[in-house]
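Subject: A structure for you to explore

Hello,

Here is the structure I promised to pass on. Please open it beside this email so that you can follow along.

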Amino acid sequence: MDVMPKWAEVILVPFISLLLAAFISGLVVFAIADVPDTAITMMDRIGARLDFVWGAAKLMVNGALGSTYGWGYTLYYATNFMFTGLAVAIAFHARLFNIGGEGQAMLGGLGVAIACLYIPWPHWSVALIGAAAMAGLFGAVWAAIPAWLQVKRGSHIVITTIMFNFIAASLLNYLLVNLMRPKGSMDPATAHFREATNLPTLHDLLAPFGIAFSKSAPANVSLLVAIAACFALWLLIWRTRLGFEIRSYGESESGAKYAGISPFKITMIAMIISGALAGMMAINNVMGEAERLVLNATEGAGFIGIAVALMGRSHPLGVFIAAILFGFLYQGGAELALWTSIPRELIVVIQALVILFTGALDNMVRMPLERMFLALRRNKAAGAN
Amino acid sequence: MANQAPAIELKGISKAFGPVQANKDISIRVMPGTIHGIIGENGAGKSTLMSILYGFYKADAGEIFIGGKKANITDSQAAIASGIGMVFQHFKLVENFTVLENIILGAEDGGLLKPSLAKARRTLIELANDYGLNVEPDALVQDIGVGMQQRVEILKALYRQADILILDEPTGVLTPAEADQLFRILGRLRSEGKTIILITHKLREIMETTDTVSVMRRGEMTATVKTSETSPAELAELMVGRKVLLRVDKKPATPGDVVLDVKNLKVKDEKGVERLRGIDLRVRAGEIVGIAGVAGNGQSELLEVLGGYQDGTGELLLNGQPLDLSGRHSDGQSRRARGVAHVPEDRQREGLIMNFHAWENTAFGYHHDASYQKNAMLMDNAAIKADTAEKMERFDVRPPDPNLAAKNFSGGNQQKIVLAREIERNPDLLLIGQPTRGVDIGAIEFIHQQIVALRDQGKAILLVSVELEEILALSDRIAVMFDGQVMGERMPDQTDEKELGLLMAGITDTANAHSVDEIEENLAHAGGDAGKEV
Amino acid sequence: MDYMTLIQLLDSSVRLATPLLLACLAGLFSERAGIFDIGLEGKMLAAAFFSAALASVTGSVWLGLLAGIGASLMLSALHGVASITFRGNQLISGVAINFLAAGMTVLIAQDWFKQGGRTPSLTGDARFEGITLPGADAMANVPIIGPLYSELISGHSILVYMALAAVPLTWWLLYRTRFGLRLRAVGENPAAVDTAGVSVIGLRYAAVAICGILCGIAGAYLSTALQAGFVKDMSAGRGFIALAALIFAKWRPWYALWATLLFGLFGALETRPDVIESVIGMKVQGQLLGALPYLMTVIILAGFVGKAIPPRAGGEPYVKER
């Protein structure tokens, strides 16, 4: 019998992991807090630090959720993380660890830039479809190479995808500095995309319904694409033959072979879908927000996808929720960096702690819980006798 | 010597793994210089009990006395210090270490290896002389056969000066002749005053080699008797808790047309070693062809290539039509579409996805089946669940819950889920490997009946099993495999275990008597990989 | 390319190979014991920061080195707890450690030094300086051998010589001692070690600790010898390249030396585009040179390694079977 009920497995374990991550993040902020010179005694200093932590938390909540402007940024970041989180999640289902989301998203940006710069789209809606296709294609190719190398040449996909992140960064650096930079510009970035390719923001989308939304926040129609992707991936994983095969392969390679499921096919397809999803992030950050391709456009979103997928237990709904949470953290962290001395790297620490507790230290949280549920059941059985 | 202290005494040992009670209040006494058998079905708790004695697990309750003194065996180190050695069913050897390195591992004499190795080499020669345990000290373990690996395990224990030797299912991977030799070595150890505990599920071994025997059932010790005062029938009844039918009831076969025709089938593994070296085999409609052989002589590769997930060369005909062998156009699914069903040897690694629900496992391999689809895109999970419920009903799977994960069913019920999935497709040919491995006796009877019933419907069945009894009971024709070849075919009523045993050791001239040495030589000649546990 | 250029190129290869070699040997101990470690990068980074920080505050590079080793050991302990005690996924633990180091180094650097996530520049005793070997100056003018000795062999910091000495030491430890036998055994078949009465957990923690120490030295080298102070993300993927070198080296100490020297050479070439231009006769883009170590890693992993057989129990947490 499974030791834990399903609700504990799905909700309680991630929740406790998250609490632990939040607590330690709090400790970190406590340790690096600004203490005013007026605090002299030990108690004063501790009090001041606690005040700082509390203030920082409030600042994050207000900055990220206190206004439609904050929400606009939170949802913008969340859109990025939904794409990269789904990318990691689908690979996890095939027991593949794709650390290359960052590079795949960079390549996706290149795809978007090419689509938007060189094709005269009549309307943003067709441009979105075309750019998304290009972004997906570029990301997919960047993931397919490591996948192919793993199956055919035995190169470890974790190392190869890491290497492909570095190579992607060099490639983009070269293209932006040497080839795609408009004449006379000192900025390593492409020219601005034409008006027709600019995506409507949430402000534009919500205005017809009479809902006022911040005009300057970058959240845009890509959010809807990301949500649709969550739903589509859920269908794919749990309701289609391909999803069945991917999950089978992920659970047992020997079993998959017996059942006539080709490891080559599944590895390639899972990584292609994964890379395409990571690449499609570019419709949000490149096409929706910057409206041109800049250097380091991805800002680590590919890596945050790992934390998002782990926290979301590789389930599309879980990824959706975790992405919004990280969107909040990201925007909150930016506000914090703006108004206090705490650098933005705090978010990297939080991300590390979430990966640590929901991923690597999963058993630390799980084992005591399992023991607790076992004891509960024993007691119940004893009571029934 | 009535008042002599027992070599081992266990008092009230209990152990639970999560909700499973593996050992319940077990007590046992073994006198020095005897061979004590522990017999029981798979999952009866034999291995757990011995792992507790060896300090591999900690008992929840109970006491252990060694030589009359209370021993506190907290880990393997303490067990070794108490003079206990254990040969596990799956050997605990480092494959790419030499025999000598394996023997000194954990029993080195100092920080540097050189003196330890030199001392071990000397001791090894002495032990070889004393007990007839010859090994090649500098051979890599991965290059020697299983029989030899087992000797290394025994030597490991003796090198640590064990007086008590526990052997867990030691004959599972040996030919009958190798097993006989093992028992001769054990006899010699007993005469030197060593105490031996032999864990097995084979009644014959108990009757032939032990002085006393304990029977375990469902974690409990049901009896301890002198071997000379009991009978196989009595032991079987004690094991199962009721009278058992040791024979399968079946009518004579009425074979029809050839369904499967295998011609000169060859298979190479990844290292380029030939695992099948030209197999010729025919299976007709309405007959069961049993493949006998020691594990690792190519049976698994035969099933894999027939099941479509291993490449080979040669010719395969199903109902006269060729089956692809190259791996390019063949896979498990196209085989299934052609009417080849396959119950694999290892249900946990291949036949089932342990974390999948029963209903997902019912669709496993047949997930392209039209009746399981809702439309062109989506699968019809409700239809699969309904179909699973029906199958579970017909095959008496307990509990009959399609939403339970496969890992939560017992071995017998897991096997029934696989069997229901494969049989109910009305295949022309059923490949079935180790149908009753790790299955309780009640389910064994049921599974055997299903196989015979399928034969009586006129299906062709290829059965692979390492249990010679099962082969003899079920088969209408027996082919014996050794080192990737079929050594010969026999009719079950015209042969016996002895003749099959010789064939399993690669000796076709079965009319003349053979010495063990000759068999040994033959096995060694077959190369290190033959007879290796898979 | 003249002889002096070659000597200079090789000299800088050695400098650049040193942190790779230390990290590679670190990974070797860990992976030979069955613990995958993609957190080499993070451990180096943490060590680089704490070495530079302590060296800058105390003025003693040796205290800095100790602090770096300490920081790296802390992260090793975390990896051990996650992957040995709690049997977590070793790859995920490594990823977490890398991010933890990347984030924490900047946070603490900002909190302590307020210089945008870097330490002050190190000078004098706060840095490892090159050591002039006996007779180096005297020999400098001897043709051929002179420059070889005085430029290439002499003049490196003590850590370089330590790294080179670690190669035979590792070999000896691994193949000639009881500890090495057990360490290799636990990475191949932990059950064999367990049933032989030796603690699997103890051995694996020991291996992970050695890994931590070596990564600590590698990190300290980055910030106190190769460069003079810590800057954000200064490990720059070296931990991953060391990992690739480890696979290339088939988990063997001497091969690790050659593999890391090769990667060191790639790094050295990156800083000398003029040499490449003169050798192959055309100009090569700087970005391509920057990507060269990563590209070579991919190509080597895909092509030339052949069948590198990793330790059989690698990546798998040890669970006693029922």
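Below is what turned up, chain by chain. Please keep in mind that this is a predicted model.

Let's begin in chain A with one residue, A:Ala143. You will find A:Ala143 in helix H5, which spans residues 124-153. Is A:Ala143 buried or exposed? It counts as buried, because 33 C-beta neighbours lie inside 10 Å, and 20 or more are enough for that label. Which residues does A:Ala143 touch, leaving aside those up to four places away in sequence? They are A:Asn98, A:Gly100, A:Gln104, A:Met271, A:Ile272, A:Ser274 and A:Gly275.

Now turn to chain B, where four strands make an open, antiparallel sheet in the order S2-S1-S4-S5. Its edge strands are S2 (20-30) and S5 (69-71), each of which pairs on one side only. From one strand to the next, the twist averages 30°.

Inside that order, strand S1 (residues 8-17) of chain B pairs with strand S4 (residues 61-66) of chain B over five bridges, in the antiparallel sense. To see one pair of bridge partners, look for B:Leu10 and B:Ile64, the latter in S4(B).

Finally, look for helix H1 of chain B, residues 46-53, which lies across S1, S2 and S4 of chain B. Helix H1 of chain B runs at about 115° to S1(B).

Enjoy looking around!

Best wishes

Terms used. Residues are numbered from 1 along each chain as its sequence is written. Chains are lettered from A and ligands numbered from 1 in the order in which they are written. This is a predicted model: local features need pLDDT of at least 70, side-chain atom pairs count only at pLDDT 80 or more; totals for chains, interfaces and linings use all residues. Helices (H or I, at least four residues) and strands (E, at least two) are DSSP runs, numbered from the N terminus. A residue is buried if 20 or more other C-beta atoms lie within 10 Å of its own, exposed if 12 or fewer, and partly exposed in between; C-beta atoms are placed from the backbone. Two residues are in contact if their C-beta atoms, placed from the backbone, lie within 7 Å. Two strands pair if DSSP finds at least two bridges between them. Axes are lines fitted to C-alpha atoms, for helices over the stretch in contact, and angles run from 0 to 180 degrees between N-to-C directions.
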